[in-house]
Amino acid sequence: MLRFNENNEIITEETYRAILVGLQRKEDISYSMEELAGLSEAAGAEVLGKVIQVLERPNTATMIGKGKVEEVAKLAANMEADVVIFNDELTGMQLRNLEDAIGVRVIDRTILILDIFAARADSKEGKLQVELAQLKYRMPRLTGFGKSLSRQGGGIGTRGPGEKKLETDRRHIERRMEDIKDELSELRKTRTVQRARREKNGVPVVALVGYTNSGKSALMNRLLSITDKEEKSVTEKNMLFATLDAQSRSVKVDSSHQFILVDTVGFVSKLPHSLIEAFKATLEEVLYADLLLHVVDSAYEEHSFHIDVTDKVLAEIGAAAKDKIMVYNKIDLVPELTTMANSDSQVFVSAKTGSNIELLIELIKERIFSDVKVSLLIPYTRGDISSYLCEKAQVKSMEYVEKGTLFEVEISQEDYQRLSEYEVI
């Protein structure tokens with residue numbers, strides 16, 4: 001596990017031993033706890049055990065009951081745990097009380113996710129966005145971090161802003177937050193200019209969205225391989241939040257069609273609101289996309305839950321009504337899905353094997369390109385038009401007749417308006 005000094009420089013790699021704690025009220029939290037274990041492992045922690053308490057309402061002082069706190073403390077001591085991770089967000093007072101009672105570092109799901117994001121952010125913008133989210137989270141909890149703020153060491157929950165940046169002087173933190181917002185604003189202006197250039201050139205944008213580890217990056221690489229751009233591939237790993245920073249690549253599907261494909265950060269249940277707020281600038285690419293590909297891990301039994309979480313986040317950022325194709329990925333792991341009926345709104349694919357990828361590309365083309373299928377008779381005296389069609393259009397057939405060259409083609413609306421005088425009805 002990575003440790004950082006006060007300047008956010010890597011010190012060494014260690015493994016931390018964690019105990020997970022969840023509070024169950026009405027709904028079953030077995031999946032949520034399973035996901036918490038996955039997040040913990042993604043952060044480099046070894047999960048020693050899980051503790052779940054059923055309560056009607058959380059304890060205001062310690063989230064869980066007094067007896068359960070004592071049980072967790074004994075378990076942590078006996079198993080030599082380094083950290084206790086709660087599935088629910090804790091208040092500053094709860095953090096302080098739990099650390100005092102258990103005797104080891106205590107963090108919650110939000111800190112854990114922020115910690116993973118801090119470790120995975122590569123771009124300047126990504127690092128700034130994570131730091132802003134961390135500061136927003138810690139601002140009202142400064143008194144609750146207690147010993148954590150005085151430590152210079154590393155560990156889960158200490159990445160990102162160094163201790164000097166997290167002093168109890170609130171005005172200092174507020175100034176840092178304003179500085180970050182200013183820097184992000186400048187980066188946003190640059191992205192706006194780039195977006196305007198794309199729109200001017202008429203290049204549509206397709207954005208990949210979905211739950212973390214659903215296979216968005218793998219799908220992006222599969223689409224890139226079709227255009228012989230493997231050298232432009234993005235990182236893909238079988239883990240939560242393997243990639244964080246949004247990636248954009250140009251995909252040229254044929255001589256007359258190309259689009260920008262954007263791979264966005266994956267979603268997860270209980271995604272910290274502060275993180276959604278901080279990443280709105282990046283997620284803005286989703287808002288301006290011409291089409292969304294909602295990638296779903298169809299091999300996961302409860303994938304409907306993943307769909308619901310993704311839809312909620314899309315609604316929160318204002319993208320719920322965007323044109324969308326449901327892409328059910330990983331059918332190579334679920335053989336019965338290979339016989340499922342595809343439609344213009346959903347397709348069952350395997351990014352790993354390439355199954356139905358060509359069909360997906362055809363669906364994308366139908367959605368984002370307003371092509372017109374037409375017959376054009378181009379006079380022999382207009383060889384320039386014939387050359388243009390051969391180079392830029394989708395030529396289905398071409399026949400030399402008495403009065404010229406007869407083309408059966410798919411062309412853009414713009415070209416159709418320009419060449420409509422040559423149309424053969």
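Modeller: A crossing of two helices is left-handed if the near helix is turned anticlockwise from the far one by less than a right angle, and right-handed if clockwise. Helices (H or I, at least four residues) and strands (E, at least two) are DSSP runs, numbered from the N terminus. This is a predicted model, in which local features need pLDDT of at least 70 and side-chain atom pairs pLDDT 80 or more, while totals for chains, interfaces and linings use all residues. Residues are numbered from 1 along each chain as its sequence is written, and side-chain values use heavy atoms, with hydrogens and water left out.

Biologist: How many helices and strands are there in the chain?

Modeller: The chain has 15 helices and 15 strands. Of its 425 residues, 51% are buried (under 20% relative accessible area; exposed is over 50%, partly exposed in between; 1.4 Å probe, protein chains only). Among contacts (heavy atoms within 4.5 Å) with a separation of 6 or more, 68% join residues 24 or more positions apart.

Biologist: How is a pair of packed helices described?

Modeller: Two numbers are used, the angle between the axes and the distance between them. Here helix 1 (residues 30-42) and helix 4 (residues 109-120) have axes that come within 10 Å and cross at roughly 35 degrees. The axes are lines fitted to C-alpha atoms over the stretch in contact, and angles run from 0 to 180 degrees between N-to-C directions.

Biologist: Is the crossing of helix 1 and helix 4 left-handed or right-handed?

Modeller: Helix 1 passes helix 4 in a left-handed crossing. On the helix 1 side the contact is made by Ser32, Glu35, Leu36, Leu39, Ser40 and Ala42, and on the helix 4 side by Arg109, Leu112, Ile113, Ile116 and Arg120. These residues divide into six nonpolar, two polar and three charged (Ala, Val, Leu, Ile, Met, Phe, Trp, Tyr, Cys and Pro count as nonpolar, Asp, Glu, Lys and Arg as charged, the others, Gly among them, as polar).

Biologist: How is a pair of aromatic rings described?

Modeller: By the distance of the centres and the angle of the planes. Rings of Phe, Tyr and Trp (its six-membered ring) pair if their centres lie within 6.5 Å; planes under 30 degrees apart are stacked, over 60 edge-to-face, and the rest tilted. By this rule there are four aromatic pairs. In one of them, tyrosine 31 and phenylalanine 305, the centres are 5.0 Å apart and the planes at 70 degrees, so the pair is edge-to-face. Tyrosine 31 belongs to helix 1 and phenylalanine 305 to helix 12 (residues 303-316), 274 residues apart. Tyrosine 31 is buried at 17% relative accessible area, whereas phenylalanine 305 is partly exposed at 30%.

Biologist: What is the arrangement of tyrosine 328 and phenylalanine 348?

Modeller: That pair is stacked, with 4.9 Å centre to centre and 20 degrees between the planes. Tyrosine 328 is in strand 11 (residues 324-329) and phenylalanine 348 in strand 12 (residues 346-348), so the pair ties together parts 20 residues apart in sequence.

Biologist: Which residues do ring pairs link into a cluster?

Modeller: Tyr31, Tyr211, Tyr300 and Phe305 are linked in this way.

Biologist: Where does the charged end of arginine 418 sit?

Modeller: Over the ring of tyrosine 388, 5.0 Å from its centre. The rule asks for NZ of Lys or CZ of Arg within 6 Å of the ring centre and within 35 degrees of the ring normal.

Biologist: Which residue has a phi near 70 degrees?

Modeller: Methionine 63 does, a positive value in a residue other than glycine. Methionine 63 lies in the loop between strand 4 (45-54) and helix 2 (66-78) and is buried, at 6% relative accessibility. Glutamate 80 also has a positive phi, near 55 degrees. Glutamate 80 is in the loop between helix 2 and strand 5 (83-86) and counts as exposed at 58%.

Biologist: What is aspartate 297 in contact with, leaving aside its neighbours within four places in sequence?

Modeller: The contacts of aspartate 297 are Asn213, Ser214, His303, Asn329 and Lys330. Aspartate 297 is found in strand 10 (residues 291-297) and is buried, with a relative accessible area of 12%. Its C-alpha atom is separated by 8.8 Å from that of glycine 210, 87 residues apart along the chain.
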